[in-house]
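Hi,

Here is the structure I promised to pass on. Have a look at it first, and my notes follow below.

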Amino acid sequence: MTHPLVDAELGLLAAVLERLDTTTTAAPPSEVSLVRELEHLRDSIRSAKEEDRPALVQQWDRQSALLRQLRTADRPTAVDAGSPYFAHLRLRERDAEHDILLGNTTRMLPGLPIVDWRNAPISRIFYRYRQGEEYEEEIAGRTKSGEVVARRTVTIRDRSLLRVAAPEGIFEVDAASADGWRQSALEPSRLAGGQGAALRAHDTDAGRNRRLGTDVQGERRRADKHLPAIAGLIDPAQFDLITRPSSGFVLIRGTAGSGKTTVALHRIAYLAYEDPRIDSPDTLFLVFSPALRQYVGHVLPALGVSRVQVKTFHEWAVEQVRRVLPALPRAVRELTPAGVHRLKLHPAMVTALADQVRRVPGKPTPAQVVDDWASVLMDRAFLTQIFDREAPGDFSAAELDRATDWNRKRYEELRSWLSGDTSVDAELDAEDAALLLLTWQLRVGPLPGRGQGRLRYRHVAIDEVQDLSPLEVRVLLDCLDQNRSLTLAGDTQQHIVAGGGFTSWAEFLRRLGLQGQEVSTLDVSYRCTHEIATFALGLLGDLREDDTPPRTVRSGPAVELFRFTDHGATVAFLADALGELMTKEPLASVAVLTPSPDLSALYARGLISSEVPKLRLVENQDFTFAPGVEVTEIEQVKGLEFDYVVLIEVSTGQFPDTAESRRRLHVGATRAVHQLWLTSVGTPSAPVRAQLALSV
């Protein structure tokens, strides 16, 4: 006998499907009569007297406009009967109860309305209140109050109910059960590993019996990938950010796994529902890496948004430079000195370029833009004045000498190349794109669009914004339309771009002239267990934004460190553990994260030779997002997550006690959803030792 809750949901789905099968949607208005009237008007105009024609032409124009509006109007999306809704809300108002279903489109079925979560005001109750709570909301100009009797998320595929999540528990289809269903606690299952203390140094046999994910029951649950729609899991704080007005800025800071990207994506879907013009190339979603671009490019269409541009900032900036300055070389230099990189992305360069445009008369031409850009980068005395005023101490005299000398030599190569010298291979630095665009904006004005007008975006969203410099964001701000609709999401604790980005929201906003702008905080980590989140926060030391660990929704195995005498022993140990894991949990995703490409190649070769199944070496962020073991560097997994993470060689040699190293370790650790292991051949780094209470 199944649980009464499951019986109720099965009955509800059967009723919905019956109504969908037996009721029809309203037919769109017919254009036949309008077309006939236009044909009649056309004939009348041809034969009318001269004095009668203006009135007939005016009537023709009015009816033609009506026909265009009818043909271009958006039609309601049909409900997908295979998966008609993802959430069920039962409300009690006074003495009456009624059901409301949340889906991706609205269909007012008799007695069982399905409403679009993005648009229906009633959906606010689902996102802001929990089961058993009393609610009070103003909806359609009236105050509605009552009690949330039931609040459930459901997974429906091919017209079949597969999963129900409610405060009473999680219920999933299970052919092995007597009644065809399995019930588990609401808290997601734990993936158990060894819970002992960290292993002692130089014990190459230690941990031989340790396992990843030994909870077979948990694995059986986790193998069911039919999870609820993400929209059904949005919490009240996230929902409030998603549904902010379209105009103005929404700035979101949040710990790793708190849903910043989810909010930014769903906000675009929400705005596009309100204004279909948002779902167009006039909306821009910028991400940190090609891997995130690939991920976002799959998620947005699933939210009903298909025409938004998804790019990395560098891809976008290079594309714009090629449009407005097509004579410049397309090749991008790969080996730029760190000092030059840091100089070109420094926020003070905004002031330097602005002063250059003010002090040097010039026509608003592409040639003058290039001249302004190059002049600033080569003028040692001018840059000294700027940095003494804007950022004293950020660059020494020797650093400015080296950077301006490098820039001068590169500009000489560029001039030779532009004059036709084929012996010169001219290239631009990656950072030059933003500098050139900003110079264009200061000297010429707004960037041109593809037509005759300006480049103007209805909405821009930037994920992992902490790794963009204020200079780069400034370029984007000047590309917004009159509504200034912008979403910025980031976490300064995950800042890993050396020489770029920002580590303080206050300083970032000051540089952009946005002092006083509200920054909203998401403080619940849904990705990491309590153990992983606490460990990762501790790695940051005084770099952390908050003194207390983020709130988490579950616990799991302790974070463990394994120490070995050499990398060969480490590979052997991991080969056994990962091989067993892939056998027991073929759907698991594992990231083996290293501090360098050399170590990635070393461990990939060793694990492949050990015949670890489904193992891939990831280069240039070419992730498959498929189950298996992926070996790569920490920098490549920014913004991604995996069931299991192994951080390789967390030693003082690879991770000295610096701000950059602490943030890299933090980013690597917070990619883990269920379990985190660390390995070290050398002496573990100071942050790791401190968190695991280890002696040298």
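A quick definition before the numbers: I call a residue buried when its relative accessible area is under 20%. Keep in mind that this is a predicted model. By that cut-off, 52% of the 696 residues of the protein are buried.

On secondary structure, you'll find 22 helices and 23 strands. As for contacts between residues at least 6 apart in sequence, 72% of them link residues at least 24 apart.

What does β4 pair with? Strand β2 (residues 96-103) runs parallel to β4, with three bridges between them, and Leu101 has Ile114 as its bridge partner. Strand β3 (residues 107-109) is antiparallel to β4, again with three bridges; there, Met108 sits opposite Pro113. β3 and β4 form a hairpin with two residues between the strands, and Gly111 has a positive phi near 80 degrees in that hairpin.

Finally, the cysteines. The structure has zero disulfides. Cys479 is buried at a relative accessible area of 0%, and Cys528 is buried too, at 1%.

Cheers

Technical notes: Residues numbered from 1 in each chain as written. Predicted model: local features only at pLDDT ≥ 70, side-chain atom pairs only at ≥ 80, totals over all residues. Heavy atoms only, no water. Helix = DSSP H or I, 4+ residues; strand = E, 2+ residues; numbered from the N terminus. Buried < 20%, exposed > 50% of the residue type's maximum accessible area, 1.4 Å probe, protein only. Contact = heavy atoms within 4.5 Å. Disulfide = S-S within 2.5 Å. Pairing = 2+ DSSP bridges.
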